[in-house]
Amino acid sequence: MSHLLDDPLANVAAALRERRCSAAELLEEALSRHAERGARFDAYKFLDAEGARRAARQADRILAGGSDPPPLCGIPVSVKDLYGVEGLPTFAGTARRLPEAWSRDAWLVGELRRQGAVFTGKTHTVEMAYGAVGINPHWGTPWNPWDADRHRIPGGSSCGAGVSLWEGSALIALGTDTGGSIRIPASMTGTVGHKTTKGRWPTDGVVPLSSTLDTVGALTRRVRDSVYFFGSVDPAWGDPAVLLRSLSRGSAAVRVGLPRCGIWRDCQADVAEVLHDAMAELQGAGWSVQETQGGLLDEAGHLYMHGGMAGAECRDFLERDLPGWLEQLHPTVGSRLERTPSVSDGRYAAAVSERGRLAAAAPDLFHGVRVLALPTAILTPPCITDLEPMERYLEVNAAALRPTCPVSMLDLCAVSLPVGLDRSGMPVGLQIVAPAGEDETALSVALAAERILGDPLRRLDTPPALRARSEEA
């Protein structure tokens, strides 16, 4: 029982369905791990232990009902504090609780609730999700478990999501991704993150950052788990076993493009070395890897960072729906939002038009290849104390977004999976990028990569902060 939470998600679900373990027992193990690690890791804004226990008892009633239970019934899930969850407060990382309208189930939360998933609580987010570093001056910054001694950034804006997975209190961590907010923390915490194609899943009930770019999805511990989750939720599938069988066909030899672009050129040397070693392993297993043109990625990244589109849309939402909130944001976020153009500004309209032009050209990136391979992060996650000067924070924030925001601007989808550790012992993520609408392609290639490279939990081993806690115990 104590090891069931460490198994692949499909195995845990099978144990629940076969009544080898109850949802209540599984949850108590998850809560026990939170009790042991939660104070140090600080993944949660609010842990709802009693609500989770009620949900677990309801899941057990469904599991005992005799009919075929839904695939996520009884599975512990953490939820980024940007999603509405019935009965729970939503702060969106700000200092104040948002109005009651934001305490109703978001679309994705409702889908999981109908399946009998067990929500453990709300995980920390960067204020208004406007930042890739993962810092929240109001409520604290989760501890990246890959450094036992120094408080390194966990990546953002879904900064508590990956940490909750390592804590052991959740098997799925719901996040959002606008410019990289699922993929960045996945890379920096050694977990898997899937950025779905814009519009694939509704963002209803999620506090918006950018109406143009926001997507919803999840972090998991393995690509297999991500496939199971996607197959359980996506309306095109509804059965993870069917999706897994479909994705397992025809992925032995994959044509991968390595784009010639500034993302690869600016990647930290030891991070790039880990990624190239992983690509060499994949080539040794029969994959075809070739250089491709990637200038469009640099154009899209520059537009995201300097066009002000996401900031303008966030500012518009705050001024329209949450009057008075903008003035109360911490300067790390508020001062940047105040400098963005308004949606009525010609600069915003020009950015929207330019994004449309670039996205229309995105299919050219995949000429002769099935997917692209990029770093998910180009630098080692720094210590929080190193980011106190605003200039350094802005520098790291821009570097964190560099490999992921072009994918968002071009309406592509992507999966980040961990492939090794850099010289500082911090995780390195490989980003598999597929054309718009081809989430199954991204998942299929990432799954094939995982099968070749091995289970991420074995490839990376145990985070030092977890080892330190075990030794103390």
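Biologist: Where does threonine 176 lie?
Modeller: Threonine 176 lies in strand β4, residues 172–177, where strands (E, at least two residues) and helices (H or I, at least four) are DSSP runs numbered from the N terminus. This is a predicted model, in which local features need pLDDT of at least 70, side-chain atom pairs count only at pLDDT 80 or more, and totals for chains, interfaces and linings use all residues. Residues are numbered from 1 along each chain as its sequence is written, and side-chain values use heavy atoms, with hydrogens and water left out.

Biologist: Is threonine 176 buried or exposed?
Modeller: Threonine 176 counts as buried because its relative accessibility is 5%; buried means under 20% relative accessible area, exposed over 50%, and partly exposed in between, with a 1.4 Å probe and protein chains only.

Biologist: And what does threonine 176 touch?
Modeller: Leaving aside residues up to four places away in sequence, threonine 176 touches Lys80, Leu82, Tyr83, Ser158, Ser181, Ile182, Val206, Thr215 and Val216, with contact meaning heavy atoms within 4.5 Å.

Biologist: Switching to the core, which residues touch the most other members of the largest one?
Modeller: The largest nonpolar core has 143 residues, and those touching the most other members are Ile75, Leu108, Leu112, Leu174, Phe229 and Leu318. Such a core is a set of buried Ala, Val, Leu, Ile, Met, Phe, Trp, Tyr and Cys residues joined through side-chain atoms within 4.5 Å. Helix α17, residues 439–453, gives the most to this core, with 8 residues.

Biologist: What does phenylalanine 229 touch, then?
Modeller: Not counting residues up to four places away in sequence, phenylalanine 229 touches Leu9, Leu72, Leu108, Leu112, Ile172, Leu174, Trp201 and Ala218.

Biologist: Now helices, how do α7 and α8 pack?
Modeller: The axes of α7 (residues 223–233) and α8 (residues 240–247) come within 7 Å and cross at roughly 125°; axes are lines fitted to C-alpha atoms, for helices over the stretch in contact, and angles run from 0 to 180 degrees between N-to-C directions. The two helices α7 and α8 are therefore oblique to each other, given that angles under 35 degrees count as roughly parallel, over 145 as roughly antiparallel, 65 to 115 as roughly perpendicular and the rest as oblique.

Biologist: Which residues of α7 and α8 make the contact?
Modeller: Val227, Tyr228, Phe230, Gly231 and Ser232 of α7 meet Pro240, Leu243, Leu244 and Leu247 of α8.

Biologist: Last one, how far is alanine 350 from glycine 307?
Modeller: Their C-alpha atoms are separated by 8.3 Å, although alanine 350 and glycine 307 are 43 residues apart along the chain. Alanine 350 lies in helix α14 and counts as partly exposed because its relative accessibility is 45%.
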